[in-house]
Amino acid sequence: MSATATSLLLQGLSRLESKRNGHDAVWLQDLRRAAFQWVLERGFPTAKDEAWKYTRVARILETPFEPAQPAEAVASRWLTSGAIDSLAGDLGGTRLVFVNGYYAPDLSSLKKLPKGATVRSLAAALADKGESLEPLLSRPWREHPHAFAALNAALAEDGALIQIPAHTEIEDPIHLVFLSDGGKTPRVSHPRSLVLAGAGSQATIVETHVGAGTTGGSYFTNAVTEVLLDEGATVAHYKVQNETETAFHIALLDVRQQRDSRFTALSVALGSSIARHEVQVRLQAPGAQTTLNGLYMPRNEQHLDNPTLIEHVAPHCTSRELYKGVVDGQGRGVFDGHIVVRPGAVKTDASQTNKNLLLSASAEVDTRPRLEIFADDVKCAHGAAVGQLNEDAMFYLRSRGIPQKAARGLLTYAFVGEMLELIQVESLRSHVEKLVASRLPARGVEPPAGDVTEAP
Amino acid sequence: MLQIRNLHVKVGGKEILRGLSLEVRAGEVHAIMGPNGSGKSTLAQVLAGHENYDVTGEVLYQGKDLLALSPEERAVAGVFLAFQYPVEIPGVGNLYFLRTALNALRKQRGLEELDAMDFLAVAKERMKLVEMDQSFMSRSVNEGFSGGEKKRNEIFQMAVLEPTLAILDETDSGLDIDALRVVARGVNALRSQDRAMLVITHYQRLLDYIVPDRVHVIANGRIVRSGDKDLALELEKHGYAGFEQGGVAGATP
């Protein structure tokens with residue numbers, strides 16, 4: 001491990017310990033030290049680590065990040081609820097806003113929730129009744145040892161805790177907004193969120209990571225979100241990663257599913273200099289269904305990595321995966337889709353598709369579907385494609401008078417449109433449509449959404 | 001309106017058109033007939049501005065050098081190609097596509113762009129011309145359309161974009177007799193004093209419905225014979241065999 005990284009680590013933990021001295025429960029202190037020790041012993045991933053083959057983290061580790069300070073949350077006076085609306089979208093439901101990793105109650109809005117349901121800051125929950133959270137908070141990095149997840153376990157202070165009682169439906173999306181302010185000093189935050197969906201419950205969670213601020217400085221978000229679905233629970237998780245292009249973003253979405261539960265994830269990766277959004281799903285009881293969708297659009301020199309791991313542990317589970325990449329400039333997109341069918345997971349039905357569109361000669365995509373099957377009587381399919389815009393379609397559009405640049409935009413938008421249509425929350429869809437459209441060459445007229453009403 | 005002089009076209013080093021010349025005046029409909037591989041479709045593609053060809057010679061359209069223009073500039077100038085094989089474009093709505101195209105043309109011509117409602121009114125009216133079902137409008141461009149539906153869609157686009165020079169590339173291929181009648185009626189409705197048409201076809205059948213002012217036979221990359229509509233009937237009777245041999249002989253320097 002690089003000397004910078006090690007000294008930063010030591011600094012981070014000792015600061016946290018002195019700051020939280022007397023606040024953290026003993027179990028939490030133990031957890032932090034154990035996770036920290038793990039990182040010290042095992043180090044950060046290098047190019048030799050198969051799972052990190054495409055993403056070099058040296059640039060992150062060499063940056064002298066300082067821990068974010070809660071006081072800064074208050075200092076960002078320009079931040080208003082309206083500013084959050086335009087940065088992250090106004091989805092109408094409960095919204096928790098975190099500034100540089102810390103809960104900002106003034107910017108958040110808590111709507112009435114069904115009886116027994118909880119949506120609150122994790123820091124507050126830990127202060128109240130920490131013990132019950134212990135097994136949950138220590139699990140992800142213990143089960144899938146991973147330096148950044150361990151670092152998050154060692155240093156996380158805040159995030160969201162969402163608990164939905166059995167047979168309870170939360171209609172409006174719960175919006176978690178993680179806003180980072182790239183100041184003069186590079187800062188790091190370790191948001192930690194936990195979603196506990198009771199049996200037969202239903203909820204939609206939207207996680208937005210967005211950068212703001214005027215100085216254009218670098219910052220690092222190292223997030224872990226865990227979603228546990230009890231029997232028959234239905235959870236949709238949307239993630240919009242729109243950090244500034246000087247930021248680093250490493251995130252783990254860790255999901256476990258019980259019998260007959262349904263989980264759907266859609267990740268939209270637009271921002272960051274280097275970003276890695278990893279999704280791990282464990283289908284551990286029969287009848288569980290999972291759908292992972294993703295869109296990544298690196299441009300300039302952005303590097304956007306999307307590793308996914310779906311573990312079919314129990315029989316009769318279904319998984320579907322569709323990831324699409326649009327790579328422009330000298331951007332690099334990575335899709336590393338790993339599906340494991342464990343012994344005994346018979347009648348597994350898994351399919352995975354990855355499609356990529358390269359918009360420039362220097363754009364790069366690495367796509368790696370990996371299927372490991374240790375059970376008989378399973379149905380597994382995968383496909384990957386990398387291509388350019390269809391020349392015949394370009395000529396067709398241009399022959400009708402649509403300028404070359406607009407034709408490119410139109411075809412690119414068509415490629416992306418399939419992913420946008422998967423966003424079931426309308427307010428979120430229109431927010432993401434705008435973000436995506438602003439990154440594409442002008443199409444000459446307003447977005448096609450306006451034509452939906454023209455259908456007879 | 002259109003003057004083609006000594007047009008030579010190569011693709012991948014192979015010469016397809018070998019000194020083709022043709023003149024079409026405003027208001028006229030010219031049929032271009034010829035056997036497979038004679039260069040008919042290449043002519044259509046070159047006139048629309050396809051970039052895969054190596055082109056020499058001169059093409060004047062309304063007195064201007066057509067070959068110097070990009071495909072979209074040609075469209076703005078009023079050139080339209082009804083494709084032999086219309087391209088399927090998943091994810092782009094038919095109506096959205098056509099409105100984008102019409103507004104691109106209008107913008108370049110200094111006209112006000114049409115909003116969705118005004119455009120819809122125009123589209124609905126022109127759709128009737130080719131008896132197109134409105135359900136096609138909300139579908140992706142040509143995606144999952146039958147051969148006949150695709151061809152109707154081409155003529156529908158032509159009716160909306162109102163070109164000055166329309167090139168119909170084997171619009172009759174793959175059509176049954178009813179669809180052929182519908183398409184031909186659409187084309188005939190668009191005939192006018194200010195509009196010229198080049199109708200490219202392998203078979204005489206289409207010309208029963210779209211009666212041309214002139215008929216040209218193309219073989220081995222050049223026009224080997226021109227005449228009035230009766231020439232098409234003659235071809236129907238005797239085939240292209242005689243022309244092909246003649247063409248080969250004529251092409252040898």
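Which residues in α1(B) are buried? Before the answer, a quick note: this is a predicted model, where local features need pLDDT of at least 70 and side-chain atom pairs count only at pLDDT 80 or more, while totals for chains, interfaces and linings use all residues. Residues are numbered from 1 along each chain as its sequence is written, and chains are lettered from A and ligands numbered from 1 in the order in which they are written.

**View 1. Helix α1 of chain B is mostly covered.** The buried residues in α1(B) are B:Lys40, B:Thr42, B:Leu43, B:Ala44, B:Gln45, B:Val46, B:Leu47 and B:Ala48. That is eight of the nine residues in this helix, which covers residues 40–48. Here, "buried" means that 20 or more other C-beta atoms lie within 10 Å of a residue's own; 12 or fewer makes it exposed, anything in between makes it partly exposed, and the C-beta atoms are placed from the backbone. Helices are DSSP runs (H or I, at least four residues), numbered from the N terminus. Just after α1(B) comes B:Gly49, with a positive phi of about 100°.

**View 2. Helix α10 of chain A has a bend in it.** This helix has 17 residues, 404–420, and reaches 24 Å from its first C-alpha to its last. That's close to the expected 24 Å, which is 1.5 Å times one less than its number of residues. The bend is about 30° and sits at A:Ala414 (it is the angle between axes fitted to the seven residues ending there and the seven starting there). In α10(A), 14 of the 17 residues are buried.

**View 3. Helices α10 and α11 of chain A pack together.** From α10(A), the contact uses A:Tyr413, A:Val416 and A:Leu420; α11(A) brings A:Arg429, A:Val432, A:Glu433, A:Val436 and A:Ala437. Being in contact means that two residues' C-beta atoms, placed from the backbone, lie within 7 Å.

**View 4. B:Gly147 belongs to helix α5 of chain B.** That helix runs over residues 147–161. Why is B:Gly147 partly exposed? Because there are 14 other C-beta atoms within 10 Å. B:Ala179 is 32 residues apart from B:Gly147 along the chain, and their C-alpha atoms are separated by 9.9 Å.

Note on methods:
Helix = DSSP H or I, 4+ residues; strand = E, 2+ residues; numbered from the N terminus. Axes fitted to C-alpha atoms, helices over the stretch in contact; angles between N-to-C directions.
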